Amino acid sequence: MIEKKTILIAGYYGFENTGDEAILSSILTDMRNRRQNLEFLVVSGNPEATRKQHKVRSILWTDISAIMDACQQSDLILLGGGGLFHDYWGTTEENVLTQSHSGISFYSDFPILAALYKKPCILYSIGVGPLLTEAGKNLTRVSFENADIATVRDIESLNLLQELGIATNNIKITADPAFNLHSDRKRASEILKGVQRKGSPLVAV
């Protein structure tokens, strides 16, 4: 019997952002297709909604005790994907591993805890930038330096990491995980049938 492995996933999940939920769906689908013995625990802004939508265990993003326990008990910590490492609204190093964490001070929790608990950590298909504050740059540097594997979703992100002095020889450029999703044409047809067009053109994404 193959032993179950637990993967902790963190990102901008449970905040009703369609793009980020698509990213999470893609990550889960890809991993489930590759291995059957995986259990997922997702850090979320709305654990109940995440549990229902993605059929995973979930914990609240401000529950620091639960996050630390989850990191300690997981076999792998995965952060991403999406444009997580930016500080449009500022960031501060004092908020790392506190209930006040947000943005980079939240995302950097996971590589830091992975290093603390000696757990493998993947930064997956990350978007980086802009980084406008020294705290944002420092936390980004710490996060990538503590990752065992890192991929970014565009050349601009890789260039910015190089400007920060991060060794990027082993950081690969990939694409946004949402591109792995397969179209559900049947469901799309059902949705379009319910749209009242009134003779005007219709654009669907």
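Figure 1. Glu21 sits in helix α1, which spans residues 18-34; helices (H or I, at least four residues) and strands (E, at least two) are DSSP runs, numbered from the N terminus. The model is a predicted one, in which local features need pLDDT of at least 70 and side-chain atom pairs count only at pLDDT 80 or more, while totals for chains, interfaces and linings use all residues. Residues are numbered from 1 along each chain as its sequence is written, and side-chain values use heavy atoms, with hydrogens and water left out. Glu21 is buried yet has no salt bridge. Buried means under 20% relative accessible area, exposed means over 50%, and partly exposed lies in between (1.4 Å probe, protein chains only). A salt bridge is a side-chain nitrogen of Lys or Arg within 4 Å of a carboxyl oxygen of Asp or Glu. The nearest side chain of opposite charge to Glu21 is Arg32, 11 Å away; Lys and Arg count as positive and Asp and Glu as negative, while His and the chain ends are not counted. Not counting residues up to four places away in sequence, Glu21 touches Tyr12, Tyr13, Gly14, Phe15, Gln53 and His54, where contact means heavy atoms within 4.5 Å.

**Figure 2. Aromatic pairs around Phe106.** The structure holds eight aromatic pairs. Rings of Phe, Tyr and Trp (its six-membered ring) pair if their centres lie within 6.5 Å; planes under 30 degrees apart count as stacked, over 60 as edge-to-face and the rest as tilted. Phe106 and Tyr107 make a tilted pair, with 5.1 Å centre to centre and 50° between the planes. Phe106 and Phe110 make an edge-to-face pair, with 5.4 Å centre to centre and 85° between the planes. Phe106 counts as buried because its relative accessibility is 2%, and Tyr107 counts as buried at 6%. Phe110 is buried as well. Ring pairs link Tyr12, Phe15, Trp61, Phe85, Phe106, Tyr107, Phe110 and Phe144 into a cluster.

**Figure 3. Leu41 in strand β2.** Strand β2 covers residues 38-44 and includes Leu41. With a relative accessibility of 6%, Leu41 counts as buried. Apart from neighbours within four places in sequence, Leu41 is in contact with Ile7, Leu8, Ile9, Arg57, Ser58, Ile59 and Ala70. Gln196 is 155 residues from Leu41 along the chain, and their C-alpha atoms are separated by 40 Å.

Figure 4. Most residues other than glycine have a negative phi, and most peptide bonds are trans. The peptide bond from Gly80 to Gly81 is cis, with omega near -10°, and Gly81 belongs to strand β4 (residues 76-85). Another cis peptide bond joins Gly129 and Pro130, with omega about 0°; Pro130 is in the loop between β5 (121-128) and α6 (134-145). Glu16 is not a glycine, but has a positive phi of about 60°. Glu16 is in the loop between β1 (5-10) and α1, and is exposed, with a relative accessible area of 75%. Lys55, also not a glycine, has a positive phi of about 55°. Lys55 is in the loop between α2 (47-54) and β3 (57-60) and is exposed, with a relative accessible area of 63%.
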